[in-house]
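Biologist: I'd like to learn how to read a structure like this one, feature by feature. Could you walk me through it?

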Amino acid sequence: MREFANFAREIYTDKIMVIDFQNVNICLHNGTELLQDVCLRVEEGEFVYVIGQVGTGKTSLLRTIDAELRPKEGSAEVLGRDLLKLKRRHVPALRRELGIVFQDFKLLRDRTVEANLQFALRATGWKDKNERRERIDEVMEQVGLADKLAKFPHELSGGEQQRVAIARAILNHPKLVLADEPTGNLDHENAENIMRILFGIKEKGTAVVMVTHNKHLIEAHPGTTYLCGEGTLKAL
């Protein structure tokens with residue numbers, strides 16, 4: 001039945017497949033297997049949740065998608081690249097097409113918001129100063145923080161810092177955003193703000209894969225849901 005569903009999905013949609021994992025094993029650097037026979041297919045503009053208990057492999061799945069961990073067995077493609085054959089020197093090019101949002105923000109504490117975003121753009125090849133500033137203004141407007149460019153991270157609330165982190169993640173117009181517990185440290189109001197921003201990104205065609213423990217958010221903002229547990233990943 002699942003094979004037929006995948007077949008039908010390919011026939012009746014012209015959307016691009018951004019993640020296509022078939023029978024993949026997810027392993028740590030030391031070779032320890034966390035998940036076996038992972039099948040995960042994500043289209044452009046799709047919102048996917050990954051849930052499960054701590055230690056079941058959710059974050060490792062994201063780290064495999066962004067080529068930090070090397071998958072084993074099966075076939076694993078992200079944005080048209082074969083991860084089983086991808087050379088280390090080609091990983092940065094893949095990551096320039098990804099956006100990553102962490103639970104703990106990972107902003108540079110000694111730099112202003114604008115300097116954080118300027119650093120990210122320069123690191124990914126944006127050489128024109130005016131183009132960088134224009135793009136920064138666009139994403140900060142998108143996350144509702146256009147007036148916070150001169151602030152340092154410690155001068156912002158947790159919700160504001162996460163919105164800056166999302167702005168950083170979407171600077172390069174990514175085709176895929178990976179979000180690891182982006183609302184985990186936030187109160188309900190700020191969590192809702194983050195979800196509205198992420199779904200706004202999704203509506204513009206960017207796929208989002210989000211790890212979360214928050215069942216309320218899933219109920220309030222429906223998407224495709226996968227469960228990590230007992231060494232497997234299964235669709236719910």
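Modeller: We'll take ring pairs, then a hairpin, a helix and the pockets.

Modeller: Some ground rules: this is a predicted model, where local features need pLDDT of at least 70 and side-chain atom pairs count only at pLDDT 80 or more, while totals for chains, interfaces and linings use all residues. Residues are numbered from 1 along each chain as its sequence is written, and side-chain values use heavy atoms, with hydrogens and water left out.

Biologist: How many aromatic pairs does a search of the whole structure find?

Modeller: In general, a pair of aromatic rings is described by the distance of the centres and the angle of the planes. Rings of Phe, Tyr and Trp (its six-membered ring) pair if their centres lie within 6.5 Å; planes under 30 degrees apart are stacked, over 60 edge-to-face, and the rest tilted. Here the search turns up two pairs. Phe 47 and Tyr 49 make a tilted one, 5.1 Å centre to centre with 55 degrees between the planes.

Biologist: And why is the pair of Phe 47 and Phe 199 called stacked?

Modeller: Because their planes are at 15 degrees, with the ring centres 4.1 Å apart. That pair links distant parts of the chain: Phe 47 belongs to strand β3 (residues 47-52) and Phe 199 to helix α7 (residues 188-203), 152 residues apart. Helices (H or I, at least four residues) and strands (E, at least two) are DSSP runs, numbered from the N terminus. Put together, ring pairs link Phe 47, Tyr 49 and Phe 199 into a cluster.

Biologist: Is Phe 199 buried or exposed?

Modeller: Buried means under 20% relative accessible area, exposed over 50%, and partly exposed in between (1.4 Å probe, protein chains only). Phe 199 has 17%, so it counts as buried. Phe 47 is buried at 3%, and Tyr 49 is buried at 0%.

Biologist: How do I read the hairpin of β1 and β2?

Modeller: Two strands pair if DSSP finds at least two bridges between them. Here β1 (residues 17-27) and β2 (residues 33-43) run antiparallel, over seven bridges. Ile 26 stands opposite Leu 35 in β2. Five residues lie between the strands, and Gly 31 in that turn has a positive phi of about 95 degrees.

Biologist: How many residues of α2 are buried?

Modeller: Six of the eight residues in α2 (residues 58-65) are, so call this helix mostly covered. Among them are Leu 61, Leu 62 and Ile 65. Ala 67 follows α2 and has a positive phi, near 70 degrees.

Biologist: What is the volume of the largest pocket?

Modeller: On a 1 Å grid over the protein atoms alone, a pocket is an open set of points with protein on both sides within 12 Å along at least five of seven lines, and lining residues have an atom within 4 Å of a point. Grid points are joined across faces, edges and corners, and a volume is the space filled by probe spheres set on the points. The largest pocket comes out at about 560 Å³. It is lined by 20 residues, with Arg 95, Ile 100, Ala 120, Thr 124 and Arg 168 nearest its centre. The largest share of that lining, four residues, comes from α4.

Definitions and conventions: 1 Å grid on protein atoms, 1.4 Å probe; cavity = no way out; pocket = protein on both sides within 12 Å on 5 of 7 lines; lining within 4 Å.
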